[in-house]
Amino acid sequence: MKTCILCNLLSDPYLKFLSFPLIHILLIQIQLSLCFSSREMLILPLKTQVIPSGSVPRSPNKLPFHHNVSLTVSLTVGTPPQNVSMVIDTGSELTWLNCNTTRNNYPTSFDPTRSSSYRPVPCSSATCTDKTRDFPIPASCDTNKLCHATLSYADSSSSEGNLASDNFIIGSSEISDLIFGCMDSTFSSNSEEDAKNTGLMGMNRGSLSFISQMGFPKFSYCISGTDFSGLLLLGDANIPWLVPLNYTPLIQISTPLPYFDRVAYTVQLEGIKVSDKSLAIPKSVFVPDHTGAGQTMVDSGTQFSFLLGPVYSALKTEFLNQTTSVLRVLEDQNFVFQGAMDLCYRVPLNQPTLPQLPTVSLVFRGAEMTVSGDRLLYRVPGQVKGNDSVYCFTFGNSDLLGVEAYVIGHHHQQNVWMEFDLERSRIGLAQVRCDLAGQRFGVGL
């Protein structure tokens, strides 16, 4: 492998907090001030900003949450290159760009007519007939015999257009003839906000995802627990100073099942502990059933974590029991944060820090993720009860959303090195100080 040479990376990642009525979205923005000798390994610093709801497209496999952390990247596409801004989504496969150039409210559109390297994909091609098999809505053939894709999102928005190929450039690395969706028809409940991004970069395990087409064997990210700075690493890297990772295998089910996403990053959850006490839950509750319901997905694009009803109830009861003496429960049956988080507390406005809390450990096959301290409670923006602020438990009930899955969100992945090893079908994780890891890579200085 060639040695990857880093340039001086500018800016210190920071987190700005902005308030919006009921809803706000945290957005990790990747600043691409890069200089590399090869694309076998790319290291990108992460920076966060808060944006209103609606600017992040919702994958059909995403739960309809109001909070969402997504990775965005600025790059160029086409010949000559056009600047685009894309949301990176590990829960989606198809990378797509907004190609609607006729409406003034989409100033960041990609114009395929200006690119000499743009090539539409015919519906008779193997790309259209074979590689789209994991799309939630099957690809079709339009009147011009071009491969047509339709995306439908959880917030009732939609996007459709033709599959095509073009050249994508990240930093000094060029990916030729990458397949993506050139979407010329979109419907959104918040088109003004959606217009701030040109498209979406799919990063799941599907054959047409961005990471699969680039051919990287793995990618990793690490998000700080203090200021949400961090890094994204694309490719395989020998990191001698990184603590050994514990690996959990990705679950493979080859047979199509109605409630199982075959290209998601699915692992096997085996148990949950509150402090050192294991919840009395049989392991069978965590195993997907014959319909595929009950899979456990690791998703950086979802902020919090959500558990199926029986498991959530057991966790909620034990957490309540262990916090009775230090926290005061919010007695309001009508208040359910994000429609799925019904365990909330009242904390005095003049109390600077939260009390000592029990840890919650997610036990996977071969690995464990421990959530502690402030990551267990989230202060709800704009909610005040008398002289108290409202904090909610950062685990929610999937059943209240009508979703048959366990989802491990980014909030519980802070200060955890997360390695997605596509080559060996596994996820590696280890507790680290992500701010220090970024400094070791020359990121965030």
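How many disulfides does the structure hold? The structure holds five disulfides, where a disulfide is a pair of cysteine sulfur atoms within 2.5 Å.

1. Basis of the values. This is a predicted model, in which local features need pLDDT of at least 70 and side-chain atom pairs count only at pLDDT 80 or more, whereas totals for chains, interfaces and linings use all residues. Residues are numbered from 1 along each chain as its sequence is written, and side-chain values use heavy atoms, with hydrogens and water left out.

2. Disulfide pattern. With bonded cysteines counted along the chain, the disulfides of the protein chain follow the pattern 1-6, 2-4, 3-5, 7-10, 8-9. Three of these links are taken up in the next two points.

3. Cys 99 and Cys 182. This disulfide has an S to S distance of 1.9 Å, and an angle of -115° about the S-S bond makes the link left-handed. The pair links distant parts of the chain, 83 residues apart, with Cys 99 in the loop between β5 (96-98) and β6 (119-120) and Cys 182 in strand β10 (residues 173-187); helices (H or I, at least four residues) and strands (E, at least two) are DSSP runs, numbered from the N terminus. Both Cys 99 and Cys 182 are buried, where buried means under 20% relative accessible area, exposed over 50% and partly exposed in between (1.4 Å probe, protein chains only).

4. Two further disulfides. The sulfur atoms of Cys 123 and Cys 141 are 2.0 Å apart in their disulfide, which links Cys 123, in the loop between β6 and α1 (126-129), to Cys 141, in strand β7 (residues 140-141), 18 residues apart. Cys 123 is buried at a relative accessible area of 15%, while Cys 141, at 43%, counts as partly exposed. Cys 128 is joined to Cys 147 with an S to S distance of 2.1 Å, and with 85° about the S-S bond that link is right-handed. Because Cys 128 lies in helix α1 and Cys 147 in strand β8 (residues 147-152), the pair ties together parts that are 19 residues apart in sequence. Cys 128 is buried, with a relative accessible area of 7%, and Cys 147 is buried at 0%.

5. Strand β28 and its partners. Two strands pair if DSSP finds at least two bridges between them. β12 and β28 pair in the antiparallel sense over four bridges, and Lys 218 has Asp 421 in β28 as its bridge partner. Six bridges join β28 to strand β29 (residues 426-431), again running antiparallel, with Met 418 opposite Leu 429 in β29. β28 and β29 form a hairpin with four residues between them, and Ser 425 in the turn has a positive phi of about 50°. In a regular strand the side chains alternate between the two faces of the sheet. Both faces of β28 are covered, with Val 416, Met 418 and Phe 420 buried on one side and Trp 417, Glu 419 and Asp 421 buried on the other.

6. Aromatic pairs around Phe 219. Rings of Phe, Tyr and Trp (its six-membered ring) pair if their centres lie within 6.5 Å, planes under 30 degrees apart counting as stacked, over 60 as edge-to-face and the rest as tilted; by this rule the count comes to 15 aromatic pairs. The ring centres of Phe 219 and Tyr 265 are 6.1 Å apart and the planes stand at 75°, so this pair is edge-to-face. Phe 219 lies in strand β12 (residues 218-223) and Tyr 265 in the loop between β14 (246-249) and β15 (266-267), so the pair ties together parts that are 46 residues apart in sequence. Phe 219 is buried at 1% and Tyr 265 at 2% relative accessibility. Phe 219 also forms a stacked pair with Phe 420, at 4.8 Å centre to centre and 5° between the planes. Since Phe 420 lies in strand β28 (residues 416-421), this pair ties together parts that are 201 residues apart in sequence.

7. Other ring contacts. Ring pairs link Phe 110, Tyr 118, Phe 168, Phe 180 and Phe 210 into a cluster.
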